[in-house]
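Please consult the sequence and the structure shown below while reading.

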Amino acid sequence: MSVFVTKSFLPPMDEYNKYIANIFNRDILTNQGPLVQELQKKISDFLGVENFHYLSNGTIALQLALVALDINDGEVITTPFSYVATTSSILWQRCTPKFVDIESDNFTIDVNKIESAITDKTRAIMPVHVFGYACDTDNIQKIADKHGLRVIYDGAHAFGAKYHGKSLLSYGDISTCSFHATKLFHTIEGGACIVRDKTVSDKLELQKRFGHTGDEHFILGINAKQSEFHAAMGLCNLPYMSQIISGRRRVSEMYDKYLDGCVGRPQPQAGLEYNYAYYPVLFKNESELLRVFDALNKQNIFPRRYFYPSLNKLPYIANATACPVSEDISSRIACLPLYYDLDTDIVARIANIIKENTK
Ligand SMILES: *Cc1c(COP(=O)(O)O)cnc(C)c1O
């Protein structure tokens, strides 16, 4: 049996089937149906946030966030150490990503390097709470206020994490999230925007459904709505969140114990209540990483290179700034298999193979 870096949580099938039977009875499949509304309410309560929008995926959430904040041109300061969607959503909106290098100890954007990247074209900062580690939200907000910039957090990994006592998704003008099947909490496909300002939230509410209500058209919009079938999966999964997080914590703590001293590990910030979204490890160099991958793959174990390459190296970006820290970390970082019910024996086996190949 193969072991992959993630395994989607699936609720007991009869729990899902009950929701599906109700959808068939009602014959309402999408367009802000009752399950979408119920899920929005329950997630808002779970996170303790307002102005929460459940959307079709985490990428459209980033694009909508830019549009709702009127960022249609100019430069957006962002991190090179993320999944490609962070950068591609900026480019897709015809803005220019300006990469600022990352902290070596938690892989989030280096706040001390942001100001020197600001020009008269800069409109926004789009950092990422990568792997569920918190950005320096206080200082990022201070810089944004000083220069009149918007802040959009790509919080695709931040669900269930808390920072200074509140959801990590409650910072910035808008925080986005992804509920893709590979993420900590999922609705098969799905995403969200959490909006600070009610006026911006009302605008985004229209923009996510073509900009109209009935026959009255207000503004340019797109289709970012989500279906009842997806919401049903979310409603089934949400009650299992504490089980999912504690299972992932159990696996992470086993890795910590077995791998102590043979791989590098990030340093979570003070004030962060971690969600165990990923288990990243740093090897000494790329050849050590490739050696470990080779040995694990032979046993049908498939970790992933998250994130590689550093996004300033994407082939469709010209003249991106060099980001030596991100480029170095990208070349030698990987995420180990992590899911709530990962078998104890498999964790031990993975750790042993890593130990043998990192001597
Ligand atoms: C998964 C992910 C996204 C995109 O989310 P989708 O729901 O797959 O569109 C964006 N940013 C980061 C950092 C991600 O990991």
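Predicted model: local features only at pLDDT ≥ 70, side-chain atom pairs only at ≥ 80, totals over all residues.

In which loop does Asp-27 lie? The residue belongs to the loop between α1 (13-26) and α2 (34-47).

## The loop between α1 and α2

Asp-27 has a phi near 65°, which is positive although the residue is not glycine. Gln-32 lies in the loop between α1 and α2 as well, and its phi, near 55°, is likewise positive in a residue other than glycine. As background, most residues other than glycine have a negative phi.

The two positions may also be described by their accessibility. Asp-27 has a relative accessibility of 59% and therefore counts as exposed, the cut-off for this class being over 50%. Gln-32, at 15%, counts as buried, because buried means under 20% relative accessible area.

The ligand sits in the largest pocket. The elements that give two or more residues to the shell around the ligand are α3 (58-68) and α4 (84-92). In total, 14 residues surround the ligand, and the closest are Thr-59, Asp-154, His-157, Ser-178 and Lys-183. By residue class, the shell consists of 3 nonpolar, 9 polar and 2 charged residues.

Asp-154 contributes through its side chain, where an N or O atom is 2.7 Å from a nitrogen atom of the ligand. His-157 also places a polar side-chain atom 2.7 Å from an oxygen atom of the ligand. On its own, the ligand has 380 Å² of accessible area, of which the protein covers 92%.

His-186 is located in the loop between β9 (174-178) and β10 (191-195). Is this residue buried or exposed? Its relative accessibility is 3%, so His-186 counts as buried.

The side chain of His-186 has polar contacts with the backbone at two positions. A polar atom of this side chain lies 2.7 Å from the backbone oxygen of Phe-9. A polar atom of the His-186 side chain is also found 2.9 Å from the backbone nitrogen of Ile-188.

## Arg-249 in helix α8

Arg-249 is part of helix α8, which comprises residues 241-259. With a relative accessible area of 42%, Arg-249 is partly exposed. Its C-alpha atom is separated by 5.9 Å from that of Tyr-276, a residue 27 positions away along the chain.

Which residues are joined by a cis peptide bond with omega of about -5°? They are Tyr-306 and Phe-307. Phe-307 is found in the loop between β15 (301-302) and α10 (324-332).

Another cis peptide bond leads from Tyr-308 to Pro-309, and its omega is near 0°. Pro-309, too, has its place in the loop between β15 and α10. In general, most peptide bonds are trans.

Methods:
Residues numbered from 1 in each chain as written. Heavy atoms only, no water. Near = heavy atom within 4 Å. Polar contact = N/O pair within 3.5 Å; in protein donor to acceptor, adjacent residues only side chain to side chain. Areas by Shrake-Rupley, 256 points an atom, 1.4 Å probe, with all protein chains shown as cover. 1 Å grid on protein atoms, 1.4 Å probe; cavity = no way out; pocket = protein on both sides within 12 Å on 5 of 7 lines; lining within 4 Å. Sits in = over half its atoms within 2 Å of the grid points. Helix = DSSP H or I, 4+ residues; strand = E, 2+ residues; numbered from the N terminus. Nonpolar A, V, L, I, M, F, W, Y, C, P; charged D, E, K, R; others polar. Buried < 20%, exposed > 50% of the residue type's maximum accessible area, 1.4 Å probe, protein only.
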